[in-house]
Amino acid sequence: MAIQLGDIAPDFTQDSTEGSISFHEFLGDGWGVLFSHPKDFTPVCTTELGAVARLKGEFAKRNCKVIGLSVDPLDDHKAWAGDIEETQGVALNFPLLADSDRSVATLYGMIHPNADDTLTVRSVFVIGPDKRIKLMLTYPASTGRDFDELLRVLDSLQLTANHKVATPVNWRHGDDCIIVPALSDAEADELFPKGYRKVKPYLRVTPQPNL
Ligand code: BEZ
């Protein structure tokens with residue numbers, strides 16, 4: 001059955017550019033992003049991996065490890081890393097799984113045969129400290145992802161994991177939040193000392209609670 005939000009992220013052991021990786025052990029107690037790209041030595045993938053390498057510090061600030069995957073062999077990953085550094089101005093600084101037996105791609109449903117029956121699509125899985133899947137994205141090979149959006153989503157996931165708020169459209173760190181509808185006004189009065197604006201009974205807006 002396809003992986004769904006809230007499922008435990010399937011564990012696996014696979015070779016990578018940083019040696020053999022056992023996924024749950026690699027994640028430890030923190031957050032994780034597992035993402036696939038279709039193929040080494042391709043242009044969009046080259047730019048994506050450079051972008052993720054540049055953002056590694058931002059992921060680390062959020063206690064989040066990143067790990068990439070394609071179904072290419074390890075030797076290709078290692079050779080391609082040189083091209084990434086040369087063309088993107090940053091060295092590969094996170095592990096890339098060499099999933100040439102497709103075991104991880106199959107486990108995570110990263111091959112969509114009606115799009116391409118051999119290569120992985122651009123899948124993203126965000127995994128929480130409880131090892132559960134918090135978010136999934138799927139992009140086609142022709143469209144590079146926006147990894148700044150992934151940081152924005154992580155900010156929302158980490159905030160909403162700890163406070164009884166949701167984040168509205170286009171929310172960014174520092175913006176007002178929405179009090180979850182399950183809370184009564186009396187509970188909201190107690191939990192949100194900065195107060196809130198009641199636009200509708202179900203739409204109560206409050207400053208970001210952890211700032
Ligand atoms: C790319 O990364 O540029 C790419 C990879 C596979 C198919 C199409 C584009």
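Predicted model: local features only at pLDDT ≥ 70, side-chain atom pairs only at ≥ 80, totals over all residues.
Helices (H or I, at least four residues) and strands (E, at least two) are DSSP runs, numbered from the N terminus.

A word on how to read the numbers: residues are numbered from 1 along each chain as its sequence is written, and side-chain values use heavy atoms, with hydrogens and water left out. Local features need pLDDT of at least 70, and side-chain atom pairs count only at pLDDT 80 or more, while totals for chains, interfaces and linings use all residues.

| Residue | Atom on the protein side | Distance to a ligand oxygen |
|---|---|---|
| Thr42 | polar side-chain atom | 3.0 Å |
| Pro43 | polar backbone atom | 3.3 Å |
| Val44 | backbone N or O atom | 2.7 Å |

The ligand taken alone exposes 260 Å², and the protein buries 75% of that; such areas come from the Shrake-Rupley method with a 1.4 Å probe.

Now to the domains. The chain is divided into domain 1 (13–144) and domain 2 (163–206), with bounds from an automatic or database domain assignment. Their C-alpha centres lie 35 Å apart.

There is also a sheet to look at. Four strands make an open, antiparallel sheet in the order β8-β9-β11-β10, where two strands pair if DSSP finds at least two bridges between them. β8 (165–166) and β10 (197–200) stand at the edges with a single partner strand each, so one side of each has no neighbour in the sheet. In general, strands of a sheet pair through backbone hydrogen bonds, either parallel or antiparallel.

β10 is joined to β11 (residues 203–206) by three bridges, and the two run antiparallel. Together β10 and β11 form a hairpin with two residues between them. Across this pair, Lys200 stands opposite Leu203, and Lys198 stands opposite Arg204.

Definitions and conventions: Polar contact = N/O pair within 3.5 Å; in protein donor to acceptor, adjacent residues only side chain to side chain.
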